Structures are given as structure tokens and as C-alpha cells.
Amino acid sequence: PEVVSTLLSVQKRLVSLTVADDTDDDLSRQQEVVTARLAARMLEMLKQLNVPAQYLGPARDLMRRLETASDAEVLEACLEELSGLMRASGGNLEADIQNYLMSLNQQLAYLRSFVDNSDALEQTQRQRNNLLDQTVRQDLSKIHTTVQNTRDINELKQSVNAQLDSLIQAMNAHKASENEHLDALRRERNELIERVIEMERETASFRQQAEDAHVESRTDPLTGMPNRLAFNQAFDEELKRFQRYGEAFSLCVGDLDLFKNINDQYGHLAGDKVLRLTAKVLRQNLREVDFIARFGGEEFVILLPSTSGNDALQAAEKVRTALENSPFNFQGQPVKVTISIGGAEIREDDTLDSLFERADQRMYEAKQAGRNKVVLGD
């Protein structure tokens with residue numbers, strides 16, 4: 001019994017410590033905020049790298065660890081890996097540029113040769129046209145002279161027929177050269193089309209390589225929430241579900257009120273902690289199926305699947321009340337944090353931009369109505 005009692009006492013202390021860490025609303029305690037900010041800066045550096053293909057796996061793994069980095073020891077290890085990736089990424093940049101420029105030069109050289117060939121063919125054709133014109137004029141002149149000077153009808157017929165045969169031969173020769181010219185143009189055209197298709201494939205491949213060379217984060221390290229990229233993907237999935245099954249959903253946009261005042265009065269680290277605590281309040285007061293993301297700055301977005309406008313209003317009001325009543329403080333002194341929320345329900349012709357614009361406009365209406373309010377519209 002004594003051992004069990006001791007274990008229970010230790011367990012209670014451990015639980016109380018864990019709860020204290022998870023529910024610390026004192027904005028002056030900022031160690032975890034510093035860690036999150038450092039992780040965010042490192043993550044931003046990682047996203048800027050052109051990572052060689054053989055390092056994409058480690059880069060993505062590093063990105064995932066930075067998104068959830070919790071202490072300085074983890075960050076130190078991540079920093080070493082990031083330094084190695086930067087060296088590896090910087091080393092191949094010049095070679096990539098040289099290869100691309102060489103490929104571009106080859107493509108331009110081919111296009112120049114095509115233009116030169118076209119000019120040469122055009123010049124040859126012009127010469128053939130001039131030759132035909134001269135031949136026709138000469139034969140017509142001979143016919144005219146014969147008609148003027150000949151008195152014998154048979155001699156006239158023979159002479160005219162001979163000149164007409166000469167004209168027909170000239171026309172046939174010109175027609176043959178025209179056909180050769182058209183065949184050459186057709187071959188050049190087909191070759192150009194094939195080359196353009198090849199260039200498009202090469203360009204698409206280069207673009208894909210450039211996109212693959214960057215690792216994109218879908219999590220905001222400061223709050224642990226999905227970021228804008230993740231929200232865009234989640235919205236696309238929800239919109240497809242709506243278009244296929246007609247299942248309505250709503251979007252809410254929330255913006256913390258007078259957030260600049262908190263930064264000015266208590267410092268940016270305290271402001272960042274407010275963002276972390278706000279994320280916690282949002283998660284605690286919404287359903288598991290609801291998608292919450294930090295959209296940027298002090299703005300949050302919420303996707304509410306299978307939710308009409310009226311139900312979204314109730315969900316947003318619950319969040320607003322919970323945040324208003326949260327015990328934020330700075331060294332024991334209460335700090336009031338509120339949020340203004342706007343929302344809208346999906347329409348048949350909506351896109352991400354149109355639905356977001358309506359919800360965002362409702363959020364500004366909530367601000368103008370005095371802040372710390374919820375406004376939903378059509």
C-alpha cells in the first residue's frame with residue numbers, strides 16, 4: 001500500500017505539471033513561443049531551397065519535425081540538418097542554371113535554323129516565280145511576233161502550237177517545283193510541331209523539377225494549425241463533395257480584435273502566445289470534423305462541413321464566447337482577447353475566392369459593429 005500511495009502521489013504531481021503546461025494562459029511565459037518562432041524561421045529557410053532530388057526525402061522529414069518542434073534540443077539537431085541541406089542545395093544551383101541555359105540555346109538555335117530555312121525556301125520560290133514570268137512573257141512575245149509577220153495559216157498554227165507547248169512545259173515545271181516547295185514546307189511544319197511538342201514536354205519537366213525541388217509546409221509551426229496551403233486543399237475537397245452530393249457547408253473567417261495593441265503593450269512574443277492559445281481555444285470548442293487553419297497574421301479560417309448558415313452562427317458564437325472568457329493574463333494581470341467572426345454558407349456558383357470574400361466582408365461588418373461579434377450572411 002505504501003508503494004501504491006507513493007506512485008499515486010508522483011502520478012498526481014506529473015498530471016498537474018502536464019495540465020499546467022497545456023493550460024498556461026500567462027502571456028509572460030514564452031519559452032515555447034521562442035521555440036516555435038525559431039522553428040518557423042528555419043522552416044521558411046527550408047522552403048526557399050532548391051533541394052536536389054536525392055535529398056527530397058530527408059528535407060520532407062525535416063519539414064515535418066520542424067512543424068512540431070517542441071524544445072531547443074530538437075531544434076539544434078534540425079539546424080544541423082538544415083545546414084547540410086543548404087550546402088547540398090547551393091552546390092547544384094549553378095549547374096542547374098547552366099544546363100537550363102544550354103537547353104534554351106539549343107532550342108533557340110533550332111528555331112533560328114527553321115527561320116533561315118524558311119527564308120531560303122521563300123527566296124528560291126521567288127526566283128522560280130520570276131523565271132516562270134519571264135518564260136511566259138517571252139513565249140507570248142514570240143506568238144505576237146509570229147501573228148504579226150506570218151501570212152501562211154499553217155505556218156502560224158505550227159508556230160503558235162510550239163509556243164503553247166513551251167508554255168505548258170513551263171507551267172508543268174513550275175507546278176512540279178510548287179509541289180516540291182509545298183512538300184518541303186509541310187515537312188518543315190511537321191518538324192517544327194514535333195519540336196515544339198518536345199520543348200513543351202521539356203518545359204513541363206523542368207517546371208515539375210523546380211516544383212519538386214521545394215518542400216511545402218502545410219502546418220503553421222507557431223500554432224500547430226494547418227496553414228493556407230492546407231486550407232486551400234481542404235476547401236477543394238469540401239467543394240467537390242458539395243458539387244457531387246449537394247451537401248452544404250459554411251466558411252467562417254475570424255480576426256483577433258486590436259491585436260496590435262497586445263503586441264505593443266506586452267511584446268511580440270506575448271502576441272505570438274495569444275495566437276497559440278487562440279488556436280487551442282478554437283480546437284477545444286469546435287467539432288473534430290471542422291477544419292481550422294491559421295490564414296495569416298491574426299486571422300483564422302474555419303470550414304464547417306454539413307453545416308448550414310444558422311448552425312454556423314451558433315458554432316461561431318460558441319468560439320467567440322469561449323475566447324472572450326479565456327483566462328489570458330500577463331504575470332497575473334488579466335488580458336482581454338476577443339475575436340470578430342464573419343461567415344457565409346456555400347452557394348451553387350461559389351468558388352474559394354467568392355465564398356471567402358463574402359465571409360471576410362461579414363467579418364469586417366462585425367468589426368464595424370463594435371468588434372467581439374459574429375455576423376453571418378447569404
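Predicted model: local features only at pLDDT ≥ 70, side-chain atom pairs only at ≥ 80, totals over all residues.

Let's start inside. General background: in soluble globular proteins, nonpolar side chains tend to be buried together. Here, the largest nonpolar core has 33 residues. Which residues have the most contacts inside it? L256 and V337. Several elements give two or more residues to this core, including α2 (31-47), β3 (249-256) and β5 (299-305). Helix α10 (309-324) is also one of them, as are α8, α9 and β8. The top contributor is α9, with seven residues.

Now look at V337. Leave aside its neighbours within four places in sequence. V337 is then in contact with L256, I262, V274, T278, L323, E324 and F328.

Next, the helix pair. Two packed helices are described by the angle between their axes and the distance between the axes. Take α8, residues 259-266, and α9, residues 268-284. Their axes come within 6 Å and cross at roughly 135°. That makes α8 and α9 oblique to each other. Which residues make the contact? On the α8 side, F259, I262, N263 and Y266. On the α9 side, H268, A270, G271, V274 and L275. By class, that contact has six nonpolar residues, three polar ones and no charged ones.

Hold on to Y266, and turn to the rings. How many aromatic pairs does a search of the whole structure find? Six. Consider Y266 with F330. The ring centres are 5.0 Å apart and the planes are at 35°, so the pair is tilted. Y266 sits in helix α8 and F330 in strand β6, residues 329-330, so the pair ties together parts 64 residues apart in sequence. Buried or partly exposed? Y266 has 22% relative accessibility, so it counts as partly exposed. F330 has a relative accessible area of 19%, so F330 is buried; the cut-off for buried is under 20%.

There is also an aromatic cluster. F231, F235, F242, F249, F295 and F356 form it.

Last stop, the loop between β8 (339-345) and α11 (352-368). E348 is found there. At 70% relative accessibility, E348 counts as exposed. Now compare sequence and space. E348 and G246 are 102 residues apart in sequence. C-alpha to C-alpha, E348 and G246 are 8.8 Å apart.

That's the tour. Over to you.

Conventions:
Residues numbered from 1 in each chain as written. Heavy atoms only, no water. Axes fitted to C-alpha atoms, helices over the stretch in contact; angles between N-to-C directions. Helix = DSSP H or I, 4+ residues; strand = E, 2+ residues; numbered from the N terminus. Parallel < 35°, antiparallel > 145°, perpendicular 65-115°, else oblique. Contact = heavy atoms within 4.5 Å. Nonpolar A, V, L, I, M, F, W, Y, C, P; charged D, E, K, R; others polar. Buried < 20%, exposed > 50% of the residue type's maximum accessible area, 1.4 Å probe, protein only. Core = buried A, V, L, I, M, F, W, Y, C linked by side-chain atoms within 4.5 Å. Phe/Tyr/Trp six-rings, centres within 6.5 Å; stacked < 30°, edge-to-face > 60°.
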